[in-house]
Amino acid sequence: MFSLDEMGGNQPAALEQAELDRLTDELIMAFKTVFDPEIPVDIYELGLIYKVDVSDDRHVVVDMTLTAPGCPVAGDMPGWVQQAVMGVKGVAGCDVNLVFDPPWDSSRMSDEAKLQLNMF
């Protein structure tokens, strides 16, 4: 659905809350399919996803980090995340940005991840 802006151009209509909630749930499920190959925990539970923006036209921008800047999969991980996000019904496009500020540390991990890794 589109609406006309003041200049007469088409603008996507704002996502309804129910649709945004569905996308949020499905994006989280998609993130949970991506694993750091050196750690048997998904990137969501590891706390590697810092920010997710979903625009009204369903373009997703993900800011994420790695457990270490020198991670051997640094070149591959953004592509894995993008592929997972693009598998979510209704997503029109995706950009994944690697960020290192703030640096990742184990305090960002969920309790589930800490339990899996015996870090309690």
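Which residue of strand 4 stands opposite Lys-51? Select Lys-51 and look across to strand 4: the residue there is Asp-63. You are looking at a predicted model, where local features need pLDDT of at least 70, side-chain atom pairs count only at pLDDT 80 or more, and totals for chains, interfaces and linings use all residues. Numbering starts from 1 along each chain as its sequence is written, and side-chain values use heavy atoms, leaving out hydrogens and water.

Strands here are DSSP E runs of at least two residues, helices are H or I runs of at least four, both numbered from the N terminus, and two strands pair if DSSP finds at least two bridges between them. Zoom in on strand 3 and strand 4 (residues 59–64): they run antiparallel, joined by five bridges.

Colour its buried residues, Glu-19, Leu-23, Leu-27, Ala-30 and Phe-31 (buried is under 20% relative accessible area, exposed over 50%, partly exposed in between, with a 1.4 Å probe and protein chains only). Viewed down the axis of helix 1, they fall within an arc of 100 degrees, so they line one face (the arc is that of directions from the helix axis to the C-beta atoms). Turn to the face away from that buried side to find exposed Gln-17, Ala-18 and Met-29.
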